[in-house]
Amino acid sequence: MENGCNMCKMPGKNNPSWTKPTEPAMQMPCNDPENPCDMCTCVAGNPPEMKIDKDGCNKPKKCPKPCKSSPEEHYAGDTWQCWIDDYNCYAECSCNADGHLTWRGGNACKDNGQPKQCGKL
């Protein structure tokens with residue numbers, strides 16, 4: 001597989017699929033014929049890491065973390081106070097029904113919207 005060192009192999013003996021990590025890491029179907037309800041997340045790193053949520057299609061969709069340093073897991077429909085490393089501020093993070101993350105900062109945050117890669121301004 002060309003560029004395979006920068007990708008995650010999707011699980012399953014009969015699954016030929018590979019995927020690239022996304023920033024922020026997003027949950028997707030694993031497309032594993034033997035475990036059709038599993039959900040996968042390809043997390044950026046060297047090498048990237050595949051995380052599998054067994055029977056994930058029966059659970060609320062996981063929300064990507066606003067920063068890798070974020071300690072908590074959140075799910076579709078959640079709203080919480082989050083720390084945005086890029087801007088050194090707390091913000092209100094929300095995860096919509098599709099599992100997409102948005103955040104709104106207070107006066108201490110420079111911008112509103114999708115955070116850039118954490119730790120890099």
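Reply: Happy to! One cut-off to begin with: exposed means over 50% relative accessible area, and buried means under 20%. This is a predicted model, by the way.

Me: Good to know. So is Cys 5 buried or exposed?
Reply: Cys 5 has 65% relative accessibility, so it counts as exposed. Cys 63, at 5%, counts as buried.

Me: How many disulfides does the structure hold?
Reply: Four. One of them is Cys 30 with Cys 40, with sulfur atoms 1.9 Å apart. Cys 30 sits in the loop between strands E3 and E4, while Cys 40 is in E4 itself, 10 residues apart. Both Cys 30 and Cys 40 are buried.

Me: And the handedness of the Cys 30 and Cys 40 link, right or left?
Reply: Right-handed, with 110° about the S-S bond.

Me: What about Cys 37 and Cys 57, right-handed or left-handed?
Reply: That link is left-handed, at -100°. The S to S distance is 1.6 Å. Cys 37 is buried at 11% relative accessibility, whereas Cys 57 is partly exposed at 44%.

Me: Switching topic: where is Asp 86?
Reply: Asp 86 is in the loop between strands E8 and E9. At 4% relative accessibility, Asp 86 counts as buried. Its C-alpha is 8.7 Å from that of Cys 67, 19 residues away in sequence.

Technical notes:
Residues are numbered from 1 along each chain as its sequence is written. This is a predicted model: local features need pLDDT of at least 70, side-chain atom pairs count only at pLDDT 80 or more; totals for chains, interfaces and linings use all residues. Side-chain values use heavy atoms; hydrogens and water are left out. Helices (H or I, at least four residues) and strands (E, at least two) are DSSP runs, numbered from the N terminus. Buried means under 20% relative accessible area, exposed over 50%, partly exposed in between (1.4 Å probe, protein chains only). A disulfide is a pair of cysteine sulfur atoms within 2.5 Å.
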